[in-house]
Amino acid sequence: MNKFIAFLISIFTMATLASAKPNNDRELIVKLGFQPQSEISVNGKTENMNAGLSGGIEFFKYLGNVIALGLGTTIDLPREIKKKELKGSMSCLPIYVGAKARTPLHGLDDTYAFLSGRVGYSAPMGKDLFDSATGGLYLSLGLGIDVDYFVLEAVYAKHTFGNNDSASSKPDYSTITLYAGFKFE
């Protein structure tokens, strides 16, 4: 529950930053995603997860025409392991800083392609798969297109969690997410 409250606080904080002064070099992006592929790896065993949903919010500030820096958070909703003999679900909440590089297309200010990268902290929320997991490193790389106020992005993310149990290896979780969202300037 505390992680959900932290997610809400980060949404309100970024919304306040984005609405401080309207300017076309700032973006607030609200997005929903479908994750057709996700895997979890614990103690050297990798298991596929069922498809799932994700949602997020990001704020970016451009430092010129091409490069932007920003903050964001997403929440991966719980999904189950595909194998019926294994029980468990996985969900996580990454909070991150990001960078975005867009194509400098003159005359097409409202349409551009972009490459994005993010690094931050990811907290596991589905602890029934590994009770001793703690938060850890979040890394992602995305490729997308922005048409007017509509954003499409494909993101590969890797969550590497810590572990309080010295007998087992650090678990990790990877996802491929297809996002669709709206941009507010």
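The model I am reading is predicted.

**Entry 1. The strands around S5.**
I followed S5 in both directions. S4 and S5 run antiparallel and are joined by 10 bridges. On the S6 pairing, I counted 11 bridges between S5 and strand S6 (residues 111-124), again in the antiparallel sense. Is strand S5 mostly covered or mostly open? I found strand S5, residues 89-102, mostly covered, with 10 of its 14 residues buried.

**Entry 2. The whole chain.**
I then stepped back to the overall make-up. The protein has one helix and nine strands. Along the sequence I read the pattern α-β-β-β-β-β-β-β-β-β. Of its 185 residues, 43% count as buried. I also looked up the sequence range of the contacts. Among those between residues at least 6 apart in sequence, 61% join residues at least 24 apart. For the accessible surface I noted about 9,600 Å². Carbon and sulfur atoms hold 65% of that surface.

**Entry 3. Gly72.**
I went back to S4, residues 67-80, and picked out Gly72. Its relative accessibility is 2%, so I logged Gly72 as buried. The cut-off I used for buried is under 20%. Next I checked Gly72 against Ile57. The two are 15 residues apart in sequence, and their C-alpha atoms are 5.7 Å apart in space.

**Entry 4. Ser38.**
Ser38 sits in strand S1, residues 26-42. Why does Ser38 count as buried? Ser38 is buried because its relative accessible area is 2%, and the limit is under 20%. I listed what Ser38 touches, leaving out residues up to four places away in sequence. The list has Glu47, Asn48, Met49, Asn50, Arg79, Tyr173, Ser174 and Thr175.

**Entry 5. Aromatic pairs.**
I found three aromatic pairs in the structure. I took Phe150 and Phe182 as my example. Their ring centres lie 5.8 Å apart and their planes meet at 65 degrees, so I logged the pair as edge-to-face. This pair links distant parts of the chain, 32 residues apart. Phe150 belongs to strand S8, residues 150-163, and Phe182 to strand S9, residues 172-184. I looked up the cover on each ring's residue. Phe150 has a relative accessible area of 35%, so Phe150 is partly exposed. Phe182 comes out at 51%, so Phe182 counts as exposed. The cut-off for exposed is over 50%.

**Entry 6. Charges over rings.**
Lys100 lies over the face of Phe60, 5.0 Å from the ring centre. Which ring does Arg102 lie over? I found Arg102 over the face of Tyr112, at 5.0 Å from the ring centre.

**Entry 7. Asp148.**
Phi of Asp148 is near 55 degrees, a positive value in a residue other than glycine. Where does Asp148 sit? I placed Asp148 in the loop between strand S7 (133-147) and S8. Its relative accessibility is 40%, so Asp148 counts as partly exposed.

Terms used:
Residues are numbered from 1 along each chain as its sequence is written. This is a predicted model: local features need pLDDT of at least 70, side-chain atom pairs count only at pLDDT 80 or more; totals for chains, interfaces and linings use all residues. Side-chain values use heavy atoms; hydrogens and water are left out. Helices (H or I, at least four residues) and strands (E, at least two) are DSSP runs, numbered from the N terminus. Buried means under 20% relative accessible area, exposed over 50%, partly exposed in between (1.4 Å probe, protein chains only). Contact means heavy atoms within 4.5 Å. Rings of Phe, Tyr and Trp (its six-membered ring) pair if their centres lie within 6.5 Å; planes under 30 degrees apart count as stacked, over 60 as edge-to-face and the rest as tilted. A charge sits over a ring if NZ of Lys or CZ of Arg is within 6 Å of the ring centre and within 35 degrees of the ring normal. Accessible areas come from the Shrake-Rupley method with a 1.4 Å probe; for residues, only the protein chains shown count as cover. Two strands pair if DSSP finds at least two bridges between them.
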